[in-house]
Amino acid sequence: MAPMSATTPTDAPDFGDRQVIDAIAAWMPTTRWYPLKGQVVDVTLERAYDLGDAAILLLRAGETLLQVPVAWRDEPGSAGIAQFGSRWLIDACHDADAVQAFIDVASGNRAVEGLSGEATSTPEAVGEIRVISGEQSNTSIIGGGEHPWIAKVFRVVSPGDNPDVVVTGALTRARCKPVPSLLAALTATWPAGDAFVSGHLLAVSSFVSGGEDGWELFRQHALATLRGEQRDVPDAAALGAAVATVHKDLADALGTAVATEADTLRFITGLEQRLAWAREQGAGVLSDLDDDLSAAAARLREIDALGQLQQIHGDLHLGQVLRSADGSWALIDFEGEPLRPLHERMVREPRQRDIVGMLRSFDYAAGSALQQNPGGDPTAAGDWVAQRRAEFLSGYADALGPVDEQDPVFSALLLDKALYEVVYELRNRPTWVSVPLEAVRAMVTHPPAPPVG
Ligand SMILES: Nc1ncnc2c1ncn2[C@@H]1O[C@H](COP(=O)(O)OP(=O)(O)O)[C@@H](O)[C@H]1O
Ligand SMILES: O=P(O)(O)O[C@H]1O[C@H](CO)[C@@H](O[C@H]2O[C@H](CO)[C@@H](O)[C@H](O)[C@H]2O)[C@H](O)[C@H]1O
């Protein structure tokens, strides 16, 4: 453990003190981002990065390394974790002074042992901050003045490159229009056995002011349709074109490769493992589909060629797109699926993985609208999904070429995504599980016809 600075207030315990760690361990499961809800794990301090009256703590919770920025303050504000004597231990993501300190280090304007920053341009001074506290796996803080930025605090930290930094950085250098620029990033180094490892803690990007959440736009439209109300339909074709542009820029910036036989085999094995993982993790809701899932697993072996591979977004859904004030679509959050190990998220993949992510999301928007409006007509919901799907695919095709929905790779990825979602929902929002579960049921009980010839 790193020694704490002499500026730690004398009437507060050290950041690394066991009672501080215990208080944080008790608080974490109450947060949305905590990934180990319901699990009993030991929480220990791996490393503390000292910024005076604030610190970034890396806590080992079971197998997972979590980032928890904290600070000592006289008042808890809305971010109190625990009181120790006259001092409050707070969640530093909600404290402008602490956030400024983190930004200073990320911008290379302040040196802290074990931390390093890289900036393409210095983010504006923090000013008043706003913390996004919705359905997020990380914590995002909005700051800055005329040129606002958003700083994403990665809650799960792993050694290696976080694609949200590396991929967004490459797209920024390539001047990719549909992706907000990366301004700065923060990296930490910590001991692991006899060596030291590094991983990203924070990414600061330009903020899309007035951006409207794609998920809400489409979900509200689905809801209006079910209620027979008129509402402007968001432009799914333009969204398809934006995704195609990003795919093209990713290919240009980070390269492509035609899949070898070994790549194809690795891909199939990966899908088989994920299917087995989902069946195990989701046994409670998937067991009545046992035979159908076994048949689906067998069909994976029908995949004979993957085609071209490249870096993709990796977790594309409507919650990852914003409609800017000028009507154009912006893609955010290149971190990949939070339940997937970091080293798997930087491997080249078929572009179809992103496409099916978006198609699944249209299904979710209609599923969520039906949940909110249980009297709604499921056929109308199905038609709504089919229309958005067709528009999206035609916009994508116009920009980058057609998508073959009969391709076994496409069907396999669609099922893979829905199974991932079943596990995601069981862990995070159990009342939503029926949305992906019904999609899995439809896919495996009405599988695509085998390829001819
Ligand atoms: N560049 C941006 N401009 C405007 N809003 C953004 C930007 N990046 C993220 N957001 C907002 O922050 C939310 C969370 O960001 P995201 O990167 O998706 O985090 P997470 O990985 O935790 O889901 C998004 O849903 C969006 O509302
Ligand atoms: O945005 P994250 O990187 O945290 O992604 C995770 O959470 C998403 C939910 O917020 C989850 O997406 C699923 O729910 C969406 C509706 O809320 C829906 O539009 C997506 O299609 C569906 O997959 C995502 O899978 C998960 O990785």
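Analyst: One definition to start with: helices (H or I, at least four residues) and strands (E, at least two) are DSSP runs, numbered from the N terminus. This is a predicted model, where local features need pLDDT of at least 70, side-chain atom pairs count only at pLDDT 80 or more, and totals for chains, interfaces and linings use all residues. Residues are numbered from 1 along each chain as its sequence is written, and side-chain values use heavy atoms, with hydrogens and water left out.

User: OK. Where is D333 found?
Analyst: D333 sits in the loop between β16 (329-331) and α9 (352-372). Its phi is near 65°, a positive value in a residue other than glycine.

User: Why does D333 count as partly exposed?
Analyst: Because its relative accessibility is 21%. Buried means under 20% relative accessible area, exposed over 50%, and partly exposed in between (1.4 Å probe, protein chains only).

User: What does D333 form a salt bridge with?
Analyst: With K152. The closest N and O atoms are 2.6 Å apart. The term covers a side-chain nitrogen of Lys or Arg within 4 Å of a carboxyl oxygen of Asp or Glu.

User: Switching to domains. How is the protein divided?
Analyst: Into domain 1 (18-206) and domain 2 (212-445). Those bounds come from an automatic or database domain assignment. Taken over C-alpha atoms, the two centres are 29 Å apart.

User: How many residues does each domain put into the contact?
Analyst: Domain 1 puts in 24 residues and domain 2 puts in 22 residues. Contact here is heavy atoms within 4.5 Å.

User: And how much area do they bury between them?
Analyst: About 1800 Å², with 63% of it on carbon and sulfur atoms. That is the accessible area (1.4 Å probe) that two parts lose on being put together, summed over both. P163, V167 and P178 supply 28% of what domain 1 buries against domain 2, more than any other three residues.

User: How many salt bridges are there between the domains?
Analyst: The count is 2 between domain 1 and domain 2.

User: Which helix gives the most to the domain 1 side?
Analyst: Helix α3 (residues 163-173), with 7 residues on the side that touches domain 2.

User: One more. What about R175, buried or exposed?
Analyst: R175 counts as exposed because its relative accessibility is 74%. R175 lies in the loop between α3 and β10 (182-192). Phi of R175 is near 55°, a positive value in a residue other than glycine.

Note on methods. Chains are lettered from A and ligands numbered from 1 in the order in which they are written.
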